[in-house]
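Welcome, and thanks for taking a look at this one with us. Here is a short briefing to read beside the structure.

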Amino acid sequence: MTSEDNTIWDKLQTIPREVLYLLMIISMIIPLLSPLGLPIPISPQTRTLYDSLDTLQPGDVFVQFVDYSAGSMSFHEPGFIAITYKAVNKGAKLVMLSSSVEGPMMYEIVINKIKPFLDSAGYVYGEDYVYLGYTAGEETALAAIASNIRSVYTTDQYGTPLDDITLMQSVNNHEDFTMLISYTMGSPESFVRQFNTQYGVTTHIHCGEMMTPTILPFWASGQITGLLNGGVGAAEMEVLVGRPGDAVKLTDVYSFSNLIVFAFLIIGNIGFIMKGRMKE
Amino acid sequence: MISTDPSIWIMAFFTIAITTLAFRDNPAAKFAEHTFLAAQAGNFVVMAWRNINQIGISGLAKGSIIMLIPLLFGVALYTRYSKRYIWVSRYPTALMVGIGTGVTVRGFVEFQFTQQIVDTFKPMNSFNNVFFVVTVVVCLVYFVYSLTPQNPAIAKPLGYISTAGRYLMMMAFGASMANTVITRVGQYAGRIMFLLYDWLGLG
C-alpha cells in the first residue's frame with residue numbers, strides 16, 4: 001500500500017469489521033438493559049392480521065405451522081405467543097404442525113412458555129389444541145395436508161392416533177380450516193399457493209424481515225390476509241393484544257443498532273467521495 | 001442473578017464461542033460450529049426415520065401394501081453409491097422432481113402471474129396507487145431491449161424513463177438489503193437477550 005492509499009479517507013473506507021461487530025453488539029446490549037420505550041406504530045399488514053383473528057368464532061379451527069428454526073426464534077416465538085393469545089381469547093381450536101425439521105423442537109420450547117396461559121383458559125390437549133409434529137415433503141406435503149390431513153399424519157407428535165384425538169375427529173382437510181398461519185423462514189409462497197390459491201383458505205404469514213419485500217405484493221393483492229414483518233410485526237402484534245414482551249424489546253435494539261449501520265454507511269461514503277475528489 | 005442451570009451455561013458457552021468467529025477464527029468457534037452441524041444432522045436423521053416409520057412402515061404393518069412403493073423407491077435412492085446400479089436411482093429422483101414440479105405449477109400461474117397482473121390495475125385515487133402504477137410502467141420500460149428508436153425525440157425521453165426505472169429498482173433492492181440487515185440483527189439480538197436475561201439474570 002502506498003502512502004497515497006493510506007490517507008484518512010482510505011481508512012474511513014476500510015474500518016476493520018471487528019470494530020463494526022463490536023459496536024453492533026454494544027448497541028444491542030444498551031437498549032436491552034435500559035429500554036428506550038419508543039412508540040410502535042401499527043402497520044396495515046399487522047392490522048389486517050389482527051382484524052382477521054378478531055373474526056374467529058368459538059370452535060373455529062386455527063391452523064398454525066410452526067416452521068421456524070432456532071435462528072429466527074427471537075422474533076417468531078413472540079409472534080406465535082401473541083397470536084395464540086388472541087386466538088385462545090376468541091375460543092378457537094388450535095391445530096399445530098410443522099413442515100420444517102426444527103419445528104418440533106421450537107414447539108416444545110414455546111408451548112412450555114404458554115402452557116400456564118392455555119391451562120388458565122381451560123384449554124385441554126387433544127380437545128382444544130393439538131400438535132401433529134413434523135412431516136417431510138415441503139410443498140408436496142402441504143398439498144397433501146390441504147386435501148387430506150390423514151394421508152400425511154396418522155398420529156400426533158406423541159403417538160396418539162388421530163382418530164382417538166377429539167379435536168381431530170372433525171378436522172380432515174382444508175374445508176375444516178377457518179384460517180391458517182405459517183411462521184417461516186423458508187418459502188411462504190408455498191403456503192399461499194397450496195391453501196389460498198387452490199382452496200381460498202384465509203392465509204397469514206409471519207416471516208423474517210428479509211422476506212417481506214418479496215411477499216408484500218401478495219398481501220397487497222389480498223392473496224395473503226395478514227402479514228407479520230419479523231420482529232417489528234411481532235412487536236406490533238404484542239402491542240395490539242396488550243401483552244408487550246420480547247418483541248417490543250427487540251424494536252429498541254433495531255432502532256439503536258440501525259443508527260450504527262447508518263453511521264458507518266455515512267462514514268464509508270464520505271471516505272469514498274473525498275477520495276474521488278482527491279484523485280480529481 | 002447469574003444462572004446456576006448447567007444447560008444455560010452450555011448454551012451461553014456455545015453462543016459466545018460462535019460469536020468469536022466474527023472477530024477471529026479459533027478452536028472454540030470451530031467446536032461450536034461442528035457441534036451445531038452434528039446436532040442438526042442427528043436431528044434430521046431422527047426426524048426422517050420417525051417420518052418413514054410413522055407413515056411407511058407402520059402403514060405397511062397395518063396391511064397397506066401400497067406403502068411398499070414409496071419404501072422401495074426410497075431404498076432405490078441409495079443405488080447412487082453403486083456405479084453399476086446408479087440408473088435405478090434415477091426413477092425415484094424423476095418421480096420426486098415430477099411430483100414437486102406438478103404440485104408447484106398447478107397454482108403458480110394464478111398465484112404469481114394472473115393475480116399479480118390484475119392487482120396492478122389500481123384506481124388512480126391516491127398517491128400510493130399512482131406511484132405504484134408509474135413504477136411498474138417505468139421498470140418495464142427499463143427491460144425493453146428490443147426497441148431502440150433512432151429518432152432522438154423519442155430515444156432521449158425513453159432513456160430518461162429507463163434510467164428512472166433503474167433507480168426505482170435500486171431503491172427496491174436497497175429496501176431488501178436493509179431488511180436483510182434488520183433480520184440478522186433480530187436473530188442475533190435473541191442470543192444477546194438470552195445472555196443478558198437467562199444467563200446473567202440482568203433482565
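Which residue in S3(A) is the bridge partner of A:Leu94? The partner is A:Tyr129. Please keep in mind as you browse that this is a predicted model. In chain A the mean pLDDT is 93, with 98% of residues at 70 or more.

**The sheet of chain A**

- Chain A has an open sheet of six strands, ordered S3-S2-S1-S4-S5-S6, with parallel pairing.
- The edges are taken by strand S3 (129-134) and strand S6 (226-229) of chain A; each has a single partner strand, so one side of each lacks a neighbour in the sheet.
- From one strand to the next, the twist averages 15°.
- Strand S2 (residues 93-98) of chain A runs parallel to S3(A), and four bridges join the two.
- H5(A) packs on this sheet, where it touches strand S1 (61-67), S2 and S3 of chain A. The direction of H5(A) makes about 165° with that of S3(A).

**Helix H4 with helix H5 in chain A**

- Helix H4 (residues 73-89) and helix H5 (residues 103-120) of chain A pack at about 35°, their axes 11 Å apart, and their crossing is right-handed.
- On the H4(A) side, the contact residues are A:Met73, A:Glu77, A:Phe80, A:Ile81, A:Thr84, A:Tyr85 and A:Val88. They meet A:Met106, A:Val110, A:Lys113, A:Ile114, A:Phe117 and A:Leu118 of H5(A).
- Sorted by class, this contact of H4(A) with H5(A) holds ten nonpolar residues, one polar and two charged.

**Helix H3 with helix H9 in chain A**

- Helix H3 (residues 44-54) and helix H9 (residues 230-241) of chain A pack at an angle of about 45°, with 10 Å between their axes, which makes H3(A) oblique to H9(A).
- Here too the crossing, of H3(A) past H9(A), is right-handed.
- H3(A) brings A:Gln45, A:Thr46 and A:Tyr50 to the contact, while H9(A) brings A:Gly233, A:Glu236, A:Met237 and A:Leu240.
- The residues in the contact of H3(A) with H9(A) are three nonpolar, three polar and one charged.
- Among the elements of chain A, H3(A) has the highest mean pLDDT (98), and helix H1 (residues 8-13) the lowest (87).

**Where chain B meets chain A**

- The two chains touch through 38 residues of chain B and 43 residues of chain A.
- Helix H2 (27-61), helix H4 (86-120) and helix H6 (152-199) of chain B each supply at least two residues of the side that touches chain A.
- H6(B) gives the most to that side, with 16 residues.
- By class, the side of chain B that touches chain A has 20 nonpolar, 16 polar and two charged residues.

Methods: Residues are numbered from 1 along each chain as its sequence is written. Chains are lettered from A and ligands numbered from 1 in the order in which they are written. This is a predicted model: local features need pLDDT of at least 70, side-chain atom pairs count only at pLDDT 80 or more; totals for chains, interfaces and linings use all residues. Axes are lines fitted to C-alpha atoms, for helices over the stretch in contact, and angles run from 0 to 180 degrees between N-to-C directions. Angles under 35 degrees count as roughly parallel, over 145 as roughly antiparallel, 65 to 115 as roughly perpendicular and the rest as oblique. A crossing is left-handed if the near helix is turned anticlockwise from the far one by less than a right angle, and right-handed if clockwise. Two residues are in contact if their C-beta atoms, placed from the backbone, lie within 7 Å. Ala, Val, Leu, Ile, Met, Phe, Trp, Tyr, Cys and Pro count as nonpolar, Asp, Glu, Lys and Arg as charged, and the others, Gly among them, as polar. pLDDT is the predictor's confidence in each residue, from 0 to 100. Two strands pair if DSSP finds at least two bridges between them.
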